[in-house]
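Visitor: I have a few questions about the terms used for this model. Could you take me through them?

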Amino acid sequence: MNEPARRLSVVVLILFLALMGAASFIQVLGAEDLNQDPRNVRTLYREYGNFRGPIVVDGEAVVWSEPVDDPFNYQRSYTQGELYAAATGFYSIVYGRSGLEQTENALLNGSADALFWTRVGNLFAGEQQQGASVETTLSSELQQVAAESLGDQEGAVVALDPATGEVLAMVTSPTYDPALLAGHDTSTVNENYAELLAREDGPLINRAIAGDTYPPGSTFKLVVAAAALEGGYTPDTELYAPQELGLPNSSATIGNYGGAECAADERLPLADALRISCNTAFADLGMSLGWGVLERKARDFGWEEPLEIPLPVTASRLPESPDEAQTAMSAIGQYEVRSTPLQMAMVASAIANDGVLMRPYLVDSVRASDLTVVSDTEPEEYRQSMSPEDASDLTQMMVSTVADGTGQAARINGVEVAGKTGTSETGRDTPPHAWFVGFAPAEDPAIAIAVIVEEGGATGSGATGGTVAAPIARTVMERALSLDAEGDL
């Protein structure tokens, strides 16, 4: 063989080996990436071609897959989609997944390791692979009542079982119908998604646990009060409570709501300061305790900690190294203190549960297609937020707040309700956010709740937590107590 032919043969051999190597890499090492590539239509056909398990609330499927006569085989359907969107999320051939449709995807589509033997059984039986059902902790009645009570006001409601951490209700407003994004007509889905994104009120944002966090306002005084009790204060300890408090190294001052006077002699007990939500008393208390003490106590309640329920929860935030003036503002839930509604429900839950914060969870159990239980969620202690003694003292202070303080609109006949209102400045030229957090019954809590109505809702600039958010919380708590009495909660 002459030299040119030999060189050509070597080049051809190298190219042939390179081609084999590339093919092997694509088919073996790159297979997972190709399968996960959203442009791979075969992956979508394969995934939609298998029966996807339902998402269940109170024993009824609120999300399920229906057989259809198209290449995808199944259509994802949503009952009361707007009501449960904050939990279920959407399942879209165009935009992927969100909510439980995302976090529980491997279980729902049947590919999870926990379903291995189920898949083997299906294979030997010649049956199609089927996904598992995901049973949530939500109460359909509480979810409905919370949504109706909040109405079309922007905001959120989160309710927890203090003893277990179960999420009993999780409502965000405005909301959307996941069915708009679940269709198989891609042009229609694209149009629907574009319309949702274009809306200024952000219906795709889960305000209960994600998106923007909020200044908690006076509801953060519960954390400050917990820190004070731990530091040796009692409910009867007198605090300095001027009508207006000057801030150190600053020309700024802190006043009370409406310029009110908390006490004629500028002194009042800690319990009364919480009951009437005295800003100047808590601002001065915050400076006396020091930021380090407040920060540690906030972290005891879960601030700045990553959390999944299993939906990812935006971490609540605290300021970094604030000075005295900034500490005073932080002590009344302003400056750079930020919280999710779930975080504030966790604060109420910990106080209600003798100081023990249980880890919140949204998935109760998972069942394979043959109804065998694949997994059950066991309640888990998340933090010892405060001592039982301090929790008892703080509970009684919160009971007084509802009985004859700022939270009177949350009162329920024949039941002791513990609560705290909040009216937080937004930092913009808009009405304040209205908050209420609390639990009931105070002596044996069945529900802990947090409500936020953004920018005063329908009330606008005259809104307070006591007038706007507390009545919503009362309605939800009343229904929870009724369900609990019937054994249905």
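Visitor: Are Cys-262 and Cys-278 buried or exposed?

Guide: This is a predicted model. In it, Cys-262 is buried, and Cys-278 is buried as well. The label means under 20% relative accessible area.

Visitor: What makes Cys-262 and Cys-278 a disulfide?

Guide: Their sulfur atoms are 2.2 Å apart. The cut-off is within 2.5 Å, so the pair qualifies. The structure holds one disulfide.

Visitor: Which parts does the pair tie together?

Guide: Cys-262 sits in the loop between strand S11 (253–255) and strand S12 (267–269). Cys-278 sits in the loop between helix H12 (270–275) and helix H13 (279–289). The pair therefore links parts that are 16 residues apart in sequence.

Visitor: Why is the disulfide called right-handed?

Guide: Because the torsion about the S-S bond of Cys-262 and Cys-278 is about 105 degrees.

Visitor: Why is Met-20 called partly exposed?

Guide: Its relative accessible area is 43%. Buried is under 20% and exposed is over 50%, so Met-20 falls in between. Met-20 belongs to helix H1 (residues 3–29). Together with Leu-13, Phe-16 and Leu-17, Met-20 forms a nonpolar surface patch with about 410 Å² of accessible area.

Visitor: What makes S3 and S17 edge strands in the open sheet of six strands?

Guide: The order is S3-S2-S1-S6-S16-S17, with mixed pairing. Strand S3 (74–78) and strand S17 (373–376) each pair on one side only. The twist averages 25 degrees from one strand to the next.

Visitor: How do you know that S1 and S6 pair?

Guide: Strand S1 (residues 55–57) and strand S6 (residues 133–136) share two bridges, in the parallel sense. Pairing needs at least two, so they qualify. Val-56 stands opposite Glu-135 in S6.

Notes. Residues numbered from 1 in each chain as written. Predicted model: local features only at pLDDT ≥ 70, side-chain atom pairs only at ≥ 80, totals over all residues. Heavy atoms only, no water. Patch = residues over 30% accessible without salt bridge, like charges linked within 9 Å, V, L, I, M, F, W, Y side chains within 5 Å. Areas by Shrake-Rupley, 256 points an atom, 1.4 Å probe, with all protein chains shown as cover. Salt bridge = Lys/Arg side-chain N within 4 Å of Asp/Glu carboxyl O. Helix = DSSP H or I, 4+ residues; strand = E, 2+ residues; numbered from the N terminus. Buried < 20%, exposed > 50% of the residue type's maximum accessible area, 1.4 Å probe, protein only. Axes fitted to C-alpha atoms, helices over the stretch in contact; angles between N-to-C directions.
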